[in-house]
Amino acid sequence: MLSNLTIKSIAARAVLAPIPRPLRTASGDILAAPLALVDVQTSEGIVGRGYAFAYAPLMLRSLVQFLRDVESDLVGKAVAPRERMRQLDRRLKIVGWQGVAGMAISALDMALWDALGRAVDLPVAALLGGEIKPLDAYDSYGVLDLKTDLAWIEASVGSGFEAIKIKLGAGDVTNDIMIVAAVRKLIGPKVRLMIDFNQSQTTATAIERILRLKEFDLTWVEEPVAADDLLGHHAVRRAVAPVPIQTGENWWFPRGMAHAIAAGASDLAMVDIGKIGGITGWISAAGQAEAASLPLSNHTFVEASAHAMASSPTASWFEYLDLAGAVLTEPLSPTKGKVIPRGPGLGIEWDEEAVRKNAFE
């Protein structure tokens, strides 16, 4: 019974998980995924799993320690994600949620939902009122080296992906145009193309670059300016219309999303389940997206995001970017450009040998 599930212990471990290809951004390269793995052991023998993405190894020890420190507050409490979120909100109200605390709590929330799904042998998508169905996915790339990386994109399209995202902003505008032109020529006119500036531009340079890239039929332009510059996003959006502006991966919890919607910062919404508050936060985010008629996409966290997207009324393109596959017994892989949620729970099982091999000490 879900009502009887009780938290017995919380364990957290740090790993540097190998990723299939380097993720180059305008702010630096990610060569391996620094992850904090979370295991919630229940008194009934069910284990719920989730993970936090630390972006940089520097953050891993803090994430793991926070998860260990919060254990004493939660042991003996029911596996009731929304109630545990309220409990932690009261505890951290003065400190705030952004940063390590927010990422850790989001990972913990995912593990709690995973435990609930496992307890009744159902995928989380079903618990949320959704169904297991294929999600249209795009393959997500970093900044490209045209001498070596085009073959990867060709392989992605050949495997069935009907959309590709690349990152820009590491060089000058001429370099960006050269990269986008090469990719558009390679993938042809029918494959969708998204670009991501990773917050690298000012309002003025973002407008200039987007207008010069407009001819390449862009499905969206992501985070052209600093994520918290909502007025800047709004100004870019107005200046480059009808090119859609996408943002949201750095919205912290549902309130952050509400501020962005109120500012008219985006034509689309891309929610990071590791920052929005896990599955519990996503539920609120999906409601806001529906109310504002915003097409909703995920940011990474493919295992949990697949369940969240499958239950979202305005679900749009699914970002496929594998962070944890190297430490899972069965990575969530796309089939002909589609991703299908897997259960029970979130469908996460650690490959303990791989976890030990890639442990971060």
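1. S62, L63, F66, L67, V70 and L74 in α1 meet V100, A101, M103, A104, I105 and L108 in α3; contact means heavy atoms within 4.5 Å. By class, this contact has 11 nonpolar residues, one polar and no charged ones. Ala, Val, Leu, Ile, Met, Phe, Trp, Tyr, Cys and Pro count as nonpolar, Asp, Glu, Lys and Arg as charged, and the others, Gly among them, as polar.

2. A word on the basis. This is a predicted model, in which local features need pLDDT of at least 70, side-chain atom pairs count only at pLDDT 80 or more, and totals for chains, interfaces and linings use all residues. Residues are numbered from 1 along each chain as its sequence is written, and side-chain values use heavy atoms, with hydrogens and water left out. Helices (H or I, at least four residues) and strands (E, at least two) are DSSP runs, numbered from the N terminus.

3. Geometry of that pair. Helix α1 (residues 60-74) and helix α3 (residues 100-119) have axes that come within 9 Å and cross at roughly 60 degrees. That makes α1 oblique to α3. Angles under 35 degrees count as roughly parallel, over 145 as roughly antiparallel, 65 to 115 as roughly perpendicular and the rest as oblique. Axes are lines fitted to C-alpha atoms, for helices over the stretch in contact, and angles run from 0 to 180 degrees between N-to-C directions.

4. α1 also packs on helix α2 (residues 81-92), at an angle of about 110 degrees and with the axes 12 Å apart. α1 and α2 are therefore roughly perpendicular to each other. F66, V70, D73 and L74 of α1 make the contact with R84, Q87, L88, R91 and L92 of α2. Here the classes are five nonpolar, one polar and three charged residues.

5. Look next at H299. It sits in the loop between β10 (296-298) and α11 (302-310). H299 counts as buried, at 6% relative accessibility. Buried means under 20% relative accessible area, exposed over 50%, partly exposed in between (1.4 Å probe, protein chains only). The side chains of H299 and E249 are joined by a polar contact of 3.2 Å. A polar contact is a pair of N or O atoms within 3.5 Å; within protein, one must be able to donate a hydrogen and the other to accept it, and residues adjacent in sequence count only if both atoms are side-chain atoms. Leaving out residues up to four places away in sequence, H299 touches Y55, E249, M270, V271, D272 and E319.

6. T300 lies in the loop between β10 and α11. T300 is not a glycine, yet its phi is positive, about 55 degrees. At 2% relative accessibility, T300 counts as buried. As for α11, nine of its nine residues are buried, so this helix is largely enclosed by the rest of the structure.

7. D121 is another non-glycine residue with a positive phi, near 55 degrees. Its place is the loop between α3 and α4 (124-127). D121 counts as exposed, at 57% relative accessibility.

8. S200 is in the loop between β6 (192-196) and α7 (203-213). At 29% relative accessibility, S200 counts as partly exposed. Its side chain reaches the backbone oxygen of F197 at 2.8 Å.

9. Check the cis peptide bonds. The bond from A241 to P242 is cis, with omega near 15 degrees. G343 and P344 are also joined by a cis peptide bond, with omega about 0 degrees.
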